[in-house]
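Opening the notebook on a new model today. I want the fold first, then the rings, then the strands.

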Amino acid sequence: MAWTATATLCCRLIRLPSARHPTPSRARCSAAQSPDAVDKEYADLNLRPLYTNRGQHLRIRQHVNPLSSSFSEPTEPPEWNEVFEDPLLPLMVDIGCGSGRFLIWLAKNSSQRRNYLGLEIREKLVERTQFWVNELGLRNVHFMFANATVSFEQIISSYPGPLSLVSILCPDPHFKKRHHKRRVLQSPLVDSITKNLCLGSHTIRCTGSSCRHERKI
């Protein structure tokens with residue numbers, strides 16, 4: 001699917017107020033862009049001044065081992081009424097949310113009344129992103145340090161509202177057969193997503209330069 005089609009898909013699902021917003025570029029894989037390019041893309045969020053004490057860019061590993069024992073225990077769900085102003089709103093979950101800028105942008109600009117939850121396996125990114133959320137005073141977006149493959153069911157099944165959208169943008173493909181077990185998209189996770197999505201909901205999985213899969217429940 002070409003990027004123009006992906007842009008149409010994202011606009012349709014998120015129902016942004018105007019097609020003038022540069023949605024296609026925001027949905028691209030940030031790993032293919034430099035940190036400065038990502039900053040410019042999300043310049044309207046004005047996040048840079050909020051993290052001056054420890055620097056804007058973090059030095060982190062691009063890949064972690066999801067099979068490590070440190071990621072094997074499910075993450076406990078939060079107290080939803082503490083992290084969201086209205087925990088009964090429909091929920092969008094972004095698995096592998098990275099820097100979190102995409103969800104923060106949606107939380108500030110989407111016309112839909114919805115909560116946003118980002119799940120990320122790299123703890124430093126979650127700490128920085130949640131710092132931004134707290135500084136901006138946003139009450140409809142939250143980020144969690146979690147291995148989604150083992151934690152998704154426990155976290156999402158406890159959410160009091162409906163799960164309306166799940167996005168997985170640029171998951172590591174792990175092309176070599178011996179590394180397939182490290183992929184985020186494992187059967188238990190897919191089954192959990194399918195079970196928890198409400199009727200009429202969507203999943204989006206984008207890899208590289210095209211959106212490979214959309215499933216409507």
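My entries follow, in the order I looked things up.

**Ground rules.** This is a predicted model, so I note that local features need pLDDT of at least 70, side-chain atom pairs count only at pLDDT 80 or more, and totals for chains, interfaces and linings use all residues. Residues are numbered from 1 along each chain as its sequence is written, and side-chain values use heavy atoms, with hydrogens and water left out.

**Fold.** I get eight helices and six strands in the protein chain, taking DSSP runs numbered from the N terminus (helices H or I, at least four residues; strands E, at least two). Reading along the sequence gives me α-α-α-α-β-α-β-α-β-α-β-α-β-β.

**Totals.** Of the 217 residues in the protein chain, 47% are buried (under 20% relative accessible area, with exposed over 50% and partly exposed in between; 1.4 Å probe, protein chains only). For contacts (heavy atoms within 4.5 Å) with a separation of 6 or more, 73% come from residues 24 or more positions apart. The chain exposes about 11500 Å², and carbon and sulfur atoms supply 51% of that; the areas come from the Shrake-Rupley method with a 1.4 Å probe.

**Rings.** I count three aromatic pairs, with centres of Phe, Tyr and Trp rings (for Trp, the six-membered one) within 6.5 Å; planes under 30 degrees apart are stacked, over 60 edge-to-face, the rest tilted. Trp 80 and Phe 84 are stacked, because their ring centres are 6.0 Å apart and their planes are at 10 degrees. Trp 80 is buried at 7% relative accessibility, and Phe 84 is buried at 0%. Phe 84 also pairs with Tyr 159: centres 6.3 Å apart, planes at 90 degrees, so edge-to-face. That pair links distant parts of the chain, 75 residues apart: Phe 84 sits in the loop between α4 (80-83) and β1 (91-95), Tyr 159 in the loop between α7 (148-156) and β4 (163-169).

**Strand β2.** What is the cover like on β2 (residues 115-120)? Six of its six residues are buried. Asn 115, Leu 117 and Leu 119 point one way, while Tyr 116, Gly 118 and Glu 120 point the other.

**Neighbours of β2.** β1 and β2 run parallel, joined by five bridges (I call strands paired if DSSP finds at least two bridges between them). Gly 118 in β2 is the bridge partner of Asp 94. β2 and β3 (residues 141-145) are also parallel over five bridges, with Glu 120 bridging to Phe 145 in β3.
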